[in-house]
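This report describes selected helix contacts and individual residues. The sequence and the structure are shown first.

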Amino acid sequence: LYLRARHLGLRRTAESLEQSNALFEEVLAEEPGYAAAWAGLAANYSTQARNGLRPIEGGFELARGAANRALEIDPENGFAHAVLGGIAQDFDNVLAAAAQHLQRALELEPGNPDIINDAAVLARYLDRLEDAVALQELSIDRDPLNPAGHARLGLNYLWAGRMDDAIASLQTALSLSPAYIGAHYNIGVALLMKGDPEAALIDFQAEKGDEEYLVKGAALAYHALGRQEEYEEALEELKTNWGEQWPSEVAHVYAWVGDADAAFEWLDRAVAQNEDGLTQQFPQPFFIPIHDDPRWQTFREQTGTSAAQLSAIEFKIPVLR
């Protein structure tokens with residue numbers, strides 16, 4: 001039951017996550033002291049919260065509670081520490097705390113591909129892209145049929161400007177899990193960055209796992225294609241349906257189309273409400289057009305992601321084989 005639950009959770013679709021949760025709950029009904037099942041359930045709750053499949057605060061707090069339950073049962077459960085690191089990183093916006101949890105997770109279970117996967121994500125957010133790619137490739141070597149590993153490697157390549165490599169990795173993720181949340185969207189982003197908005201629009205519209213991604217992607221592609229009326233309609237839908245919860249998503253669009261004032265207005269909203277995922281904003285390629293604006297450095301300092309702040313966070317990656 002546990003292995004089936006883990007497999008379904010890694011497929012990262014709305015349906016597979018619910019199926020995985022049900023199996024983990026079945027495991028825990030039979031054996032309440034199964035720490036790994038508590039940690040797996042915590043990881044699923046976090047994934048659902050990140051992707052709008054659960055309320056943000058409630059979903060992450062469920063995840064925190066399940067991960068802490070795993071550690072009460074087994075204080076040396078490395079994956080539970082990794083999940084807590086992800087919560088610190090994505091919900092609490094405290095990268096130093098995330099690094100402490102991931103460091104401990106790697107010490108406890110240095111061969112666990114799921115932990116290596118999460119360590120790669122943190123390395124990406126610490127602006128250590130070479131480490132992130134190396135860790136992600138190691139994770140895939142150990143678990144080559146894990147779609148999450150390929151999707152995350154695709155994001156590393158995307159943020160490193162390696163668009164063709166990003167598309168290839170994301171397509172591999174889709175071959176393993178055709179409805180993987182965000183994969184079509186991120187392929188669309190890579191195609192947009194390559195200057196092919198027509199192809200990008202096709203992938204954005206194929207994104208069925210996250211409606212917000214579909215709408216935002218469509219807005220970006222419509223603007224690039226000069227379809228102004230459709231762009232304005234999509235942008236208004238994005239602001240109306242998701243702007244309050246994720247103002248940074250609206251900022252992405254305004255920054256990319258060259259409206260710096262509007263972009264910073266929406267980033268100010270994100271900072272004011274301490275939007276989840278603020279620490280993940282600085283490497284987003286959409287903000288490249290506003291990097292020279294003095295307000296950009298202020299934003300990075302406000303979110304603890306200036307070059308100096310990130311380099312001060314201690315995260316030592318052990319020798320992994």
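At a relative accessibility of 1%, His252 counts as buried (under 20% relative accessible area, with exposed meaning over 50% and partly exposed in between, for a 1.4 Å probe and protein chains only). The model is a predicted one, in which local features need pLDDT of at least 70 and side-chain atom pairs count only at pLDDT 80 or more, whereas totals for chains, interfaces and linings use all residues. Residues are numbered from 1 along each chain as its sequence is written, and side-chain values use heavy atoms, with hydrogens and water left out.

His252 belongs to helix H15, residues 247–257; helices (H or I, at least four residues) are DSSP runs, numbered from the N terminus. Its side chain forms a polar contact of 2.7 Å with the side chain of Gln281. A polar contact is a pair of N or O atoms within 3.5 Å; within protein, one must be able to donate a hydrogen and the other to accept it, and residues adjacent in sequence count only if both atoms are side-chain atoms. Leaving aside residues up to four places away in sequence, His252 touches Lys216, Gln281, Gln284, Phe286 and Phe287, where contact means heavy atoms within 4.5 Å.

## Asp143 between two helices

Asp143 is placed in the loop between helix H8 (129–142) and helix H9 (147–159). With a relative accessible area of 16%, Asp143 is buried. The side chains of Asp143 and Arg6 are joined by a polar contact of 3.1 Å.

Residues up to four places away in sequence not being counted, Asp143 touches Arg6, Leu10 and Pro113. From Asp143 to Asp118 there are 25 residues in sequence and 14 Å in space, C-alpha to C-alpha.

## Two loop residues with positive phi

Asn93 has a phi near 60°, a positive value in a residue other than glycine. This asparagine, Asn93, is found in the loop between H5 and helix H6 (95–108), and Asn93 is buried, at a relative accessible area of 13%.

Asp127 has a phi near 65°, likewise a positive value in a residue other than glycine. The loop between helix H7 (113–125) and H8 holds Asp127, which is partly exposed at a relative accessible area of 44%.

## Packing of H4 with H5

Helix H4 (residues 56–73) packs with helix H5 (residues 78–90) at an angle of about 155°, the axes being 9 Å apart. That makes H4 roughly antiparallel to H5 (angles over 145 degrees; under 35 count as roughly parallel, 65 to 115 as roughly perpendicular and the rest as oblique). Axes are lines fitted to C-alpha atoms, for helices over the stretch in contact, and angles run from 0 to 180 degrees between N-to-C directions.

From H4, Phe60, Ala63, Arg64, Ala67, Asn68, Ala70 and Leu71 meet Ala80, His81, Val83, Leu84, Ile87 and Asp90 of H5. The residues of this contact comprise nine nonpolar, two polar and two charged; Ala, Val, Leu, Ile, Met, Phe, Trp, Tyr, Cys and Pro count as nonpolar, Asp, Glu, Lys and Arg as charged, and the others, Gly among them, as polar.

## Packing of H16 with H17

The axes of helix H16 (residues 260–272) and helix H17 (residues 294–302) cross at roughly 15° and come within 11 Å. That makes H16 roughly parallel to H17.

Ala260, Asp261, Phe264, Leu267 and Val271 in H16 are in contact with Arg295, Trp296, Phe299 and Gln302 in H17. By class, the contact of H16 with H17 has six nonpolar residues, one polar and two charged.
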